[in-house]
Amino acid sequence: MGITLNKCFIYLPPSEKYVPFKFRSNDVYAIPMLKEAFDNVKDQMGPCGIACGTCDLGNGTVAESALKLQEYLKNYGIASWAPAVPGGSDVDFERLDEALSWVQTYTRCFGCQQGGGPPDCAIRICSKDKGYELCSECPDLDGCENFDWLQKPDFFKDNLRKSKGKSKNEIIDKAISKMKN
Ligand code: SF4
Ligand code: SF4
């Protein structure tokens, strides 16, 4: 099994084949579990303009990465030889394993249309109250402070402005095809 700088090779029993897998959303079809998560959210978009299939929480990349790391740690017996290298005896591998199981269970997002995402998201609540499917329909988008809690509010607002007039499905298709290229 080989690991290169930007790609890992994942062992998929029982085919005994190593499948190249980048730890990005681009290769969501490389692993069945990721495909399942992706298929579940691929037609969804929050009113903020986030296409759920492009989000690494929605498409399962984060959870899948935790599972794979758990497998690597186990298959390479890392806990058994870690104490022989600097700092290795300070690592609590049992706690790490617990943390990775938690990540697999709780970082999967079903998209806010299916009850995922923060329940108190001001964008979701406000757009629903005003009857907008997407915030691009709202005349108050430019000065809206409900986006402030996102890491890059202007990025999302710009995307919404650019997609004005397009249907939700068109925007989703474009976002997904960009992700695959
Ligand atoms: S919960 Fe809020 S930020 Fe998340 S996708 Fe829905 S509208 Fe966007
Ligand atoms: S004010 Fe308009 S842009 Fe802001 S969250 Fe509400 S609907 Fe979206």
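Helix 2 and helix 4 are roughly antiparallel to each other, because angles over 145 degrees count as roughly antiparallel and these two helices pack at an angle of about 150 degrees. They belong to a predicted model of a protein chain with 7 helices and 2 strands. Along the sequence the elements follow the pattern β-β-α-α-α-α-α-α-α.

**The chain as a whole**

- The protein chain has 181 residues, of which 23% count as buried.
- Considering contacts between residues at least 6 apart in sequence, 56% join residues at least 24 apart.

**Packing of helix 2 and helix 4**

- Helix 2 covers residues 61-75 and helix 4 covers residues 93-106, and their axes lie 8 Å apart.
- The crossing of helix 2 and helix 4 is left-handed.
- On the side of helix 2, the contact is made by Val-62, Ala-63, Ala-66, Leu-67, Leu-69, Gln-70 and Leu-73.
- Helix 4 contributes Phe-93, Asp-97, Leu-100, Val-103 and Gln-104 to this contact.
- Sorted by class, the residues that form the contact are 9 nonpolar, 2 polar and 1 charged.

- The residues around ligand 1 include Gly-46, Pro-47, Cys-48 and Ile-50.

**Loop between helix 3 and helix 4**

- Val-91 is placed in the loop between helix 3 (78-81) and helix 4.
- Val-91 counts as partly exposed because it has 13 C-beta neighbours inside 10 Å.
- Leaving aside residues up to four places away in sequence, Val-91 touches Ala-82 and Leu-96.
- Val-91 and Ala-79 are 12 residues apart along the chain, and their C-alpha atoms are separated by 8.5 Å.

**Loop between helix 5 and helix 6**

- Glu-145 is found in the loop that runs between helix 5 (122-130) and helix 6 (153-162).
- Glu-145 has 9 C-beta neighbours inside 10 Å and therefore counts as exposed.
- A distance of 9.1 Å separates the C-alpha atom of Glu-145 from that of Ile-123, with the two residues 22 apart along the chain.

- Gly-165 counts as exposed because 8 C-beta neighbours lie inside 10 Å.
- From C-alpha to C-alpha, Gly-165 and Ser-136 are 8.3 Å apart in space, while in sequence they are 29 residues apart.

Notes: Residues are numbered from 1 along each chain as its sequence is written. Chains are lettered from A and ligands numbered from 1 in the order in which they are written. This is a predicted model: local features need pLDDT of at least 70, side-chain atom pairs count only at pLDDT 80 or more; totals for chains, interfaces and linings use all residues. Helices (H or I, at least four residues) and strands (E, at least two) are DSSP runs, numbered from the N terminus. A residue is buried if 20 or more other C-beta atoms lie within 10 Å of its own, exposed if 12 or fewer, and partly exposed in between; C-beta atoms are placed from the backbone. Two residues are in contact if their C-beta atoms, placed from the backbone, lie within 7 Å. A residue is near a molecule or strand if its C-beta atom, placed from the backbone, lies within 6 Å of it. Axes are lines fitted to C-alpha atoms, for helices over the stretch in contact, and angles run from 0 to 180 degrees between N-to-C directions. Angles under 35 degrees count as roughly parallel, over 145 as roughly antiparallel, 65 to 115 as roughly perpendicular and the rest as oblique. A crossing is left-handed if the near helix is turned anticlockwise from the far one by less than a right angle, and right-handed if clockwise. Ala, Val, Leu, Ile, Met, Phe, Trp, Tyr, Cys and Pro count as nonpolar, Asp, Glu, Lys and Arg as charged, and the others, Gly among them, as polar.
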